Amino acid sequence: MAKEQLIEKLAELAVKVGANVQQDQIVVVNSSTETKELARKITLKAYEAGAKKVMVNWTDDYVSRYGLDHMSTDTLSTVPQWQIDKYQELVDEGACVISITSPIPGLNKGVDPKKMQTSSIARSKALSFVQDHMMSNRTQWSIVAAPNAVWAKRVFPDLEEDEAVEALWDAILQASRVTEDNDPIQEWKEHNDRLLAHNKILNDYQFDTLHFENNLGTDITIKLVENHVWAGGGETSTKGVWFNPNIPTEENFTMPHKTGVNGKVVATKPLNYQGTLIEDFWLEFKDGQVVDYDAKKEKDALKNLLEYDEGSSYLGEIALISYDSPISNSNILFFNTLFDENASCHMALGRAYPMNIEGGTDAKLEDLKEKGYNFSMAHSDFMFGSKDLQITGTTKGGKKVTIFKDGDFVI
Ligand code: ZN
Ligand code: ZN
């Protein structure tokens, strides 16, 4: 099958399973000029699925970079009223959103970080109602990926540019469960069923603690917050429409108790922190906080992350992913969270997700904190899953249950 047909399958997956576009719904597609092929196919598939109107928000990362260099922080921080009005209308119309991610590694190197941060905070404040709309699932939204040449060369440095792009397409399609001979829509239904079944089993147990152990030296106990919620896979919008925020996704994740983490965890993949690759590292926790750590490469970057703010040396997420899964089996480091965090069991240093505690999305920050929620401006996932990882849950009644044996789910 030609690559073009496979990309068409991915477009259809984004429309039908990702955003699950409804009859007469407006669809917003966020795409850079690097990914126009996929954007066009998504547009066509969305119309075929009954979309009333498809609007593509084109951006060009190089144009944006020139803007960062030449505009003042003030100009960069200003969102014109017509743009706010445009988004307000789309929110009012109940538009769904499909975003194509295709990062260009290193493109913003050399830009004044303060300028970038100040203007990005100002812009997201002005448009926070759009973010709220999506993050509270008041409409369907989904993220898929497509390659660009720079990213492809970063992932496959030994290949010629054209070959690298082809190879990254193959890897993205494979990870997204799109293959020559499958029906990705059916495959995702089965995949979602498995993820939701694991959520249900884990939610029913309401484990007090999880213990992780392997031969690399990981030996750590994580207490979970009371009334924690395991999430992962598809979600339902407040209007009752099923959708999949991330393509791909492999994780079941929940909220650790901020002060309930004790022991040592050894990372099994590098951590990409603000473009720096921290390698071969371990962390030791006491009462939730990292009290000791080391890294063979870029220990300073790890130090920066841990000292970023008060919450960045505590955990905000624990996610379970079977060792035997498409991204893990590919053994490719994508330098992109959408893929890399779905390759292996991971934890995140920094901010927790309110959705991982019952009633959390409507709760006040202070109330969440009282229950063990960790707040931080950082959220950095790092991978620690391995072929021999064992996970044992202990219920509040003291009953022990094996969750992972030899790297994979056994419940
Ligand atoms: Zn995660
Ligand atoms: Zn995460």
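I take two strands as paired if DSSP finds at least two bridges between them. Helices (H or I, at least four residues) and strands (E, at least two) are DSSP runs, numbered from the N terminus.

**Ground rules.** I am working on a predicted model, where local features need pLDDT of at least 70, side-chain atom pairs count only at pLDDT 80 or more, and totals for chains, interfaces and linings use all residues. Residues are numbered from 1 along each chain as its sequence is written, chains are lettered from A and ligands numbered from 1 in the order written, and side-chain values use heavy atoms, with hydrogens and water left out.

**Sheet.** I looked up Thr254 and found it opposite Ile318 in strand 14. Strand 9 and strand 14 (residues 315-320) run antiparallel, joined by three bridges. They belong to an open sheet of four strands in the order 9-14-15-16, with antiparallel pairing. Strand 9 and strand 16 each have a single partner strand, so one side of each lacks a neighbour in the sheet. From one strand to the next, the twist averages 20°. Here axes are lines fitted to C-alpha atoms (for helices over the stretch in contact), with angles from 0 to 180 degrees between N-to-C directions.

**Zinc, ligand 1.** I count as donors N, O and S atoms within 2.8 Å of the metal (3.2 Å for Na, K and Ca); water is not among the atoms, so sites may look incomplete. Which protein donors hold the zinc ion (ligand 1)? I find Glu251 (OE), Glu317 (OE) and His346 (NE2), at 1.9 to 2.2 Å. Their spacing along the chain is E-x65-E-x28-H. Glu251 sits in the loop between strand 8 (242-243) and strand 9 (252-254), and His346 in strand 15 (residues 346-350), 95 residues apart. Both Glu251 and His346 are buried. Buried means under 20% relative accessible area, exposed over 50%, and partly exposed in between (1.4 Å probe, protein chains only).

**Zinc, ligand 2.** Glu317 coordinates both zinc ions, which are 3.4 Å apart. His379 is partly exposed at 27% relative accessibility, whereas Asp381 is buried at 11%.

**Rings.** My search of the whole structure gave eight aromatic pairs. Rings of Phe, Tyr and Trp (its six-membered ring) pair if their centres lie within 6.5 Å; planes under 30 degrees apart are stacked, over 60 edge-to-face, the rest tilted. Trp141 and Phe243 have ring centres 6.3 Å apart and planes at 55°, so I log the pair as tilted. Trp141 lies in strand 4 (residues 141-145) and Phe243 in strand 8, so the pair ties together parts 102 residues apart in sequence. Trp141 is buried at 11% relative accessible area, and Phe243 is buried at 0%. Phe212 and Phe384 have centres 5.4 Å apart and planes at 80°, so this pair is edge-to-face. Both Phe212 and Phe384 are buried.
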